[in-house]
Amino acid sequence: MSQPSPASTPSAPGHATAVPSAAHESLLAATRRHTSALARALVTPAYPATPLFARSSRRWLRRLPYAVAGILTLVLVPVTAQLLTNDYGVNGGFASVLATAQAAPLLLAVTRPLPAWWIVFIADSVCALAVLGYPHLPARSWPWTPPGIIGYLFLLLALALRETRHTLVAVWLITGGVGVLFGIPGARYSDGSNVLLFVLSGVVLLVGGALRERGDVQRRLAEQETISEAERARRTLLEERARIARELHDVVAHHMSVITVQADSAPYRIGGLPPEAEREFGTIAATARESLAEMRRLLGVLRSEDTRGERAPQPGLDRVPQLVEATVRAGIPTKLSIAKDVAALGPLPQAVDLSAYRIVQEALANVVRHAPGAPTNVSILASADRTGLTVLVVNGPAGGTPGPPLETTGTGHGLVGMRERVRLVGGTLDTGPLPDGGFRLAARLPLVEVARPTAEADTAQSASAAESASTEGATGAERNPHAP
């Protein structure tokens with residue numbers, strides 16, 4: 001004989017009734033939770049007490065809420081008082097108090113719409129009860145008077161532009177609920193104004209709430225765009241620094257290799273060295289080789305996955321004439337002037353030599369890209385005391401169509417890259433537009449070692465470079481420093 005199924009056991013009906021009980025308890029808990037949230041929303045303003053449209057850049061829009069509230073108050077207070085006195089038989093003094101309580105809070109609604117709503121709603125309810133015994137009430141609008149409906153709708157619009165959905169839903173339900181309560185005992189007095197206000201208030205709250213949420217979304221998007229733009233500027237700055245560090249690897253590696261070779265060959269080149277000196281040279285060579293190995297690891301960290309190793313030698317001032325020739329082929333009439341005293345400086349420090357070439361390259365690339373056809377002069381000068389090198393690039397206004405890029409290798413991020421290269425060697429960079437629509441760039445690169453900036457200055461310069469990158473990339477593309 002087969003065992004009875006669980007559904008056929010005596011306990012099955014009990015289990016079947018327990019499920020609706022649990023669901024019923026869950027529904028009650030959800031109802032209490034939502035009711036509590038609506039009650040808190042009615043007594044807790046969602047926004048600080050700031051005027052409506054206070055963030056607007058238009059002066060007239062910031063003053064518009066005050067103007068509307070002031071006009072409505074000046075009109076509705078005497079109209080409501082006269083209406084209550086002449087049409088509803090309310091005492092003149094009491095009618096003036098009711099009219100003031102119904103309309104004056106509109107001024108408060110500019111900054112605190114939720115407390116203003118409480119005042120107006122209570123005043124409207126008291127007014128409806130005050131005129132309930134008037135003998136000619138069936139021929140009048142009840143429970144809400146026409147001026148009261150107009151002021152109430154404007155108040156709800158101010159409320160919808162400031163408060164959350166919970167508050168708007170609670171206000172709408174209370175407006176409809178009180179209207180229903182007035183309509184049940186006073187059905188013979190009501191002319192349907194309670195239903196009319198319930199419908200119109202729902203429309204106003206819906207439209208105002210949608211406008212407020214749309215404004216909140218736009219404001220959050222603008223804030224996010226600002227944050228994203230700052231992050232992009234910061235990323236551009238870090239990418240440029242990493243690229244410069246990769247280029248300087250060859251310079252430093254060359255010096256370290258020379259140290260290693262000299263330290264290894266010193267015991268053979270210099271005879272009669274004591275054992276202590278030979279051990280010291282061996283220690284120097286071992287340390288240099290270890291430093292080279294660490295530099296290779298560092299370069300691997302700086303190089304991204306899609307970056308290929310640079311096999312060509314790093315360029316210098318000796319390749320600037322080739323760069324100028326490429327610029328001329330791109331349609332830019334360019335002249336190069338290298339002062340004779342530059343040759344008298346002798347071999348330049350490799351970091352300075354590389355930085356000078358890259359600055360000229362970036363400047364000419366910007367001319368080709370953003371000031372096509374502009375006559376350009378490139379000048380390389382030595383300072384009078386021979387302690388610095390000046391790179392000067394001046395272009396006139398644009399006069400043609402953009403040409404092809406000069407070189408695809410080594411091109412950085414415009415002014416950001418130039419500032420970083422100048423900062424690397426402790427120099428200065430001066431840029432700015434010219435009165436005729438051209439652009440001037442002057443970089444001074446010292447040939448002697450200078451003190452590195454302090455941590456505070458380094459942070460300030462980084463922030464300045466990031467701000468510059470943000471300005472140049474405000475539209476998603478770098479703004480051309482050589483554009484007219």
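"Is Phe182 buried or exposed? Let's start there today. One thing before that: this is a predicted model, so keep that in mind as you look at the structure.

Okay, Phe182. Its relative accessibility comes out at 10%, and that counts as buried, because the cut-off for buried is under 20%. Find Phe182 in helix α7, which covers residues 165-183.

So what does Phe182 pair with? One partner is Trp142. The two ring centres are 5.7 Å apart and the planes sit at 65°, so we call this pair edge-to-face.

Trp144 lies in the loop between α5 and α6, so its pair with Phe182 in helix α7 ties together parts 38 residues apart in sequence. With 4% relative accessibility, Trp144 counts as buried.

Okay, zooming out. How many aromatic pairs does a search of the whole structure find? The search gives 6. There's also a cluster to look for on your screen: ring pairs link Trp117, Trp118, Phe121 and Tyr152.

That's my bit, thanks!"

Note on methods:
Residues numbered from 1 in each chain as written. Predicted model: local features only at pLDDT ≥ 70, side-chain atom pairs only at ≥ 80, totals over all residues. Heavy atoms only, no water. Phe/Tyr/Trp six-rings, centres within 6.5 Å; stacked < 30°, edge-to-face > 60°. Helix = DSSP H or I, 4+ residues; strand = E, 2+ residues; numbered from the N terminus. Buried < 20%, exposed > 50% of the residue type's maximum accessible area, 1.4 Å probe, protein only.
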